[in-house]
Amino acid sequence: MSEAKAGRLSLTLKSAVESVDEIEAVAEKLASEAGLDEDECFHVAVAAREGAVNAVLHGNEFDLTKQIFASFENNGAALVIIISDQGKGLDPDTLPDPLAPENLLRGSGRGIFLMRSFMDEVHFRQL
């Protein structure tokens, strides 16, 4: 991590696909500025994208009257990304295992798995 690029950026965006793209782009740029290598930048970008997709699709249920919020912080030791929505929340322990044989061919259900695979830590909190 590069301390020269330490700082925080916060975004408030409409609950739309374009916002997902913006969050992904910001995450990738900040990861690169933090000195992460190409693979690590890709992992951060994918994890941020999946979090934003979940916020738009599952959290806010494509409701354009709702917003998603993203904050990105490089504190010199870690890159912290927080994505939140205005939905009712979820219990990640109730989600089906994407690696179970019956779920392998499903077209969805891998976002949180990817986030957990690519990031050092993933936390869920309901406010």
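Predicted model: local features only at pLDDT ≥ 70, side-chain atom pairs only at ≥ 80, totals over all residues.
Local features require pLDDT of at least 70 and side-chain atom pairs pLDDT 80 or more, whereas totals for chains, interfaces and linings use all residues. Residues are numbered from 1 along each chain as its sequence is written, and side-chain values use heavy atoms, with hydrogens and water left out.

Asn 74 belongs to strand 2 (residues 67-74); helices (H or I, at least four residues) and strands (E, at least two) are DSSP runs numbered from the N terminus. Asn 74 is classed as buried because its relative accessibility is 5% (buried: under 20% relative accessible area; exposed: over 50%; partly exposed: in between; 1.4 Å probe, protein chains only). The Asn 74 side chain reaches the backbone nitrogen of Gly 76 at 2.8 Å.

On the surface, Glu 28, Asp 37, Glu 38, Asp 39, Glu 40, Asp 120 and Glu 121 gather in a patch of negative charge. Patches comprise residues with over 30% relative accessible area and no salt bridge, like charges being joined within 9 Å and nonpolar side chains (Val, Leu, Ile, Met, Phe, Trp, Tyr) within 5 Å; a salt bridge is a side-chain nitrogen of Lys or Arg within 4 Å of a carboxyl oxygen of Asp or Glu. Helix 2 (residues 38-59) contributes the largest share of the negative patch, three residues. Asp 120 lies in the segment after helix 3 (111-118) and is exposed, with a relative accessible area of 82%.

A nonpolar surface patch is formed by Leu 99, Leu 104, Leu 105 and Phe 113, which together have about 450 Å² of accessible area (Shrake-Rupley method, 1.4 Å probe). Within this patch, Leu 104 occupies the loop between strand 3 (79-84) and helix 3. Leu 104 is partly exposed, at a relative accessible area of 47%.

Terms used: Polar contact = N/O pair within 3.5 Å; in protein donor to acceptor, adjacent residues only side chain to side chain. Lys, Arg positive; Asp, Glu negative; His and termini not counted. Charge placed at Lys NZ, Arg CZ, Asp CG, Glu CD.
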